[in-house]
Amino acid sequence: MERYICIHAHFYQPPRENPWLETVEAQPSAYPFHDWNERITAECYAPNGASRIVDEQGRIIEIVNNYSKISFNFGPTLLSWLDEQSPEVYASILEADRVSQQQFSGHGSAMAQAYNHMILPLANRRDKETQIIWGIRDFEKRFHRKPEGMWLPETAVDIESLDLMAQHGIKFTVLAQHQAAKVRRLGTRAYKDVSGGRVDPTRAYETRLPSGCRMALFFYDGPISRAVAFEKLLNSGEQFAQRLMSGFSEDRDWPQLVNIATDGESYGHHHPHGDMALAYALRYIEENRFARLTNYGEILEKEPPQMEVQIAERTAWSCGHGVERWNSDCGCRSGDSGWNQQWRGPLRAALDWLRDSVNPLFEKEAGRFFPVPWAARNEYINVILNRSQENVGRYFESQSLRPLSPEERVRALKLMEMQRHAMLMYTSCGWFFDEISGIEAVKVLEYAGRAIQLACDLFPNKCTRLESEFLERLTLAKSNIAEHGDGAQIFEKWVRPAMANLRDVGAHYAISSLFERSSDEVPIHCYTVERQDFQTMESGRARVAVGHARVTSKITEESELQTFGVMHFGDHNVNAGVRQFVDDSAYAELVSAVREVFSRADLPEVVRVMDRYFGETSYSLKSLFADERQHILDILLSTTLREAESAYRQIYEGHAPLLQYLTSIGMEKPKILTLTAEFVLNANLQRELRREDLDPVRIRLLLEQAKAEEVSLDRAGLGYTLQKSLGRMMERLRTNPQDVDLLSKVSNAVEVANTLALPVDLWRVQNIYFEIARDYVSGKVQLPPEWGQSFLKLGERLRIRTDNMERIGQLLPAA
């Protein structure tokens with residue numbers, strides 16, 4: 001009997017975008033990376049697209065795309081981020097699906113996913129259907145084919161969700177063994193009880209649905225999957241392969257499928273180098289012909305279901321209490337903090353109330369623009385996937401009752417955005433973890449806040465009730481941390497300050513324009529600013545700017561012509577005002593008044609003039625959006641930091657011998673001298689590691705100094721800096737591979753990286769090396785023979801097996 005193995009990886013990150021800016025802002029906990037998406041991409045998503053096979057000496061002999069050999073799904077919101085922020089990784093995922101179709105009888109390995117990871121059994125029917133449709137449409141746009149399978153968030157399942165999926169063309173999904181209740185052979189009557197995880201996972205099953213549709217179900221092998229996720233099975237690729245083989249049995253008389261399913265982040269993020277264990281296991285199985293690798297679509301065609309199954313409704317893979325992890329204090333938690341999760345129920349109740357309050361308003365108002373508002377919402381995914389004006393126009397042409405005026409388009413788009421955020425607020429991670437003040441729960445509150453803001457824009461007479469009653473319900477969601485109080489206090493502490501509107505964008509533009517010259521049209525996250533006039537005045541360190549510009553949302557098309565004024569006092573003190581543009585005469589009067597008092601260097605009077613014109617609402621550096629605020633602060637602090645560094649350096653250099661002496665005799669060093677040494681040595685190393693020409697002697701000397709003086713180094717930050725420097729150098733070599741001097745510099749830099757005790761990931765550098773090798777061997781790039789020895793030397797330093805250049809050229813997956 002044939003033996004098959006299918007490894008499914010569920011790759012997912014919760015939406016991390018700021019709902020008002022549609023961008024992921026800096027997350028300090030992800031240091032040295034900008035945010036957690038970027039960090040997990042570096043640790044998992046990128047490595048799995050170019051994973052290493054190594055020999056006995058740990059030298060790389062092959063780079064493989066794991067995605068092409070397994071079954072996988074990516075959350076649509078994560079794929080959207082990868083498309084914009086990591087296009088090479090995104091391309092490797094799409095390419096893997098194309099390659100897998102060639103390997104697996106025309107069946108691609110990628111599966112769709114319900115759109116934003118909502119727990120479908122806890123959703124209403126309309127939201128279930130929209131989530132399924134949006135997941136399918138997103139998949140079709142990216143992979144250019146219809147999905148055969150769909151991953152259910154947390155494998156949370158009920159009959160209604162399966163039926164809706166089947167009605168929209170989905171052929172199969174994957175569940176945990178404990179989600180099967182009873183089975184019988186097709187064509188027979190008697191069922192067998194398989195509850196409690198006793199269903200045989202080595203075959204496909206069929207379930208019959210109320211609409212008359214049928215769907216195939218696969219149940220992954222629970223014990224092996226748990227070993228991958230939690231029992232360090234990925235410490236060894238060979239052991240991983242052997243454990244997969246243990247799922248077969250000679251007692252079965254049918255073609256067997258051993259299939260497992262885990263979070264895809266197991267392969268690299270949760271388990272460092274887990275991607276390499278996966279790559280080795282797949283190769284080991286294929287080379288030894290232990291089993292045939294497959295995906296669910298292929299096995300469904302080759303070995304269709306012979307058994308029927310009834311599911312255990314409202315169950316999920318990560319909760320032993322049905323789907324209560326996302327609804328109550330069921331006892332499931334992510335840590336051992338001792339905290340309760342009694343906040344889960346009130347949080348969901350508050351969001352349900354908000355949804356049920358805005359839905360009738362949406363349905364009535366959207367009925368003015370669309371014949372069937374909910375059908376128009378289902379089609380809105382086409383706008384989310386392409387927000388160009390032309391595509392939005394096509395959406396309205398196909399969906400609206402009549403041609404809409406610009407004002408009506410704004411209103412219709414706000415209605416749809418209100419609905420989008422009213423679904424994003426149900427992203428499952430908001431309940432998964434232990435505390436309501438965690439970043440995941442705060443994020444769902446942000447999405448709720450955006451839905452409320454849009455509802456207030458659309459229905460001002462309903463605003464007070466919507467917000468006050470929502471917050472009142474959140475008071476029942478008690479935090480485990482006394483200082484955070486409850487959900488309402490958390491909302492006021494973190495959500496309300498994050499809210500932004502067109503005036504806030506205008507203020508951001510005004511303040512940032514004082515520090516950085518910009519073009520006439522500037523993108524600011526999901527907005528554009530078109531400058532129409534901009535006048536600056538300077539006196540010593542003080543500066544003032546007055547101008548007017550049009551601010552437009554790319555999301556809702558809402559637009560406003562604004563006048564702004566901003567005063568910088570020469571340090572961190574900035575005062576700005578923004579209002580709707582009145583007319584040219586009023587604007588000219590403002591410019592004249594500001595110019596007249598500023599020419600007298602009467603700064604207090606400038607502020608008073610601006611206050612009279614702009615009113616009480618003023619803006620400061622705090623009003624800048626987070627990433628830009630940090631950038632502007634870096635500019636403002638640059639002089640101060642240079643002065644401080646000079647002072648610290650003078651102190652350190654004058655007392656370094658004393659520090660070394662105190663260290664050598666074991667005496668406690670004065671804290672001020674220790675802090676000074678830490679600052680100076682870390683700054684020196686950062687400067688050296690950013691240089692294009694790395695100086696190995698200088699770097700080693702600094703490291704020896706740090707060791708001798710027992711100075712704490714920012715190893716993560718230093719390693720990241722060196723990693724980025726190496727990446728930039730290698731990118732230049734890829735563009736100009738015949739540059740022998742640059743090749744030598746790269747080789748020397750890699751040697752420095754190898755000798756330093758810093759966390760430096762050479763993954764990207766190694767990938768580019770393989771690309772150059774492939775082009776060189778194929779004859780695409782003509783290089784002198786003497787170049788080869790230097791290139792081989794670089795390969796050896798990169799831990800790449802270079803004794804067969806032709807082999808190197810053949811083993812990198814084609815771009």
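**Sheet, helix, cysteines and rings**

Q: Which residue in β14 does E206 stand opposite?
A: This is a predicted model. Two bridges join β10 (residues 205-208) to β14 (residues 307-311), and these strands run parallel. In β14, the residue opposite E206 is E308.

Q: Which strands are the edge strands of the open sheet?
A: Six strands form the sheet, with mixed pairing, in the order β7-β11-β10-β14-β8-β9. An edge strand pairs on one side only. That holds for β7 (172-176) and β9 (192-193).

Q: What angle does the direction of helix α5 make with that of β11?
A: Helix α5 (residues 159-167) packs on the sheet. It touches β7, β10, β11 (214-220) and β14. Its direction and that of β11 make an angle of about 120°.

Q: How far apart are the end C-alpha atoms of helix α4?
A: Helix α4 (residues 125-143) has 19 residues.

Q: Which residue just after α4 takes a positive phi?
A: Just after it, a phi of about 55° is taken by H144.

Q: Which cysteine forms a disulfide with C456?
A: Sulfur atoms within 2.5 Å count as a disulfide, and the count comes to one. C456 is buried because its relative accessibility is 14%. With sulfur atoms 2.0 Å apart, its partner is C463.

Q: Is the disulfide of C456 and C463 right-handed or left-handed?
A: The torsion about its S-S bond is about 80°. The disulfide is therefore right-handed.

Q: Which cysteine sulfur is nearest to that of C330?
A: C330 is in no disulfide. At 17% relative accessibility, C330 counts as buried. The nearest cysteine sulfur is 3.8 Å away, in C332.

Q: How far is the sulfur of C526 from the closest cysteine sulfur?
A: C526 is buried, at 6% relative accessible area. The closest cysteine sulfur is in C456. That is too far for a bond, at 19 Å.

Q: How many residues apart are F33 and Y720?
A: The structure holds 32 aromatic pairs. One of them is F33 with Y720, edge-to-face, at 5.0 Å centre to centre and 70° between the planes. F33 lies in the loop between β1 and α1, and Y720 in helix α25.

Q: What angle lies between the planes of Y115 and W134?
A: Y115 sits in the loop between β5 and α4, and W134 in helix α4. W134 counts as buried, at 1% relative accessibility. The pair is edge-to-face, 5.3 Å centre to centre, with planes at 90°.

Definitions and conventions:
Residues numbered from 1 in each chain as written. Predicted model: local features only at pLDDT ≥ 70, side-chain atom pairs only at ≥ 80, totals over all residues. Heavy atoms only, no water. Pairing = 2+ DSSP bridges. Helix = DSSP H or I, 4+ residues; strand = E, 2+ residues; numbered from the N terminus. Contact = heavy atoms within 4.5 Å. Axes fitted to C-alpha atoms, helices over the stretch in contact; angles between N-to-C directions. Expected span 1.5 Å × (residues − 1). Buried < 20%, exposed > 50% of the residue type's maximum accessible area, 1.4 Å probe, protein only. Phe/Tyr/Trp six-rings, centres within 6.5 Å; stacked < 30°, edge-to-face > 60°.
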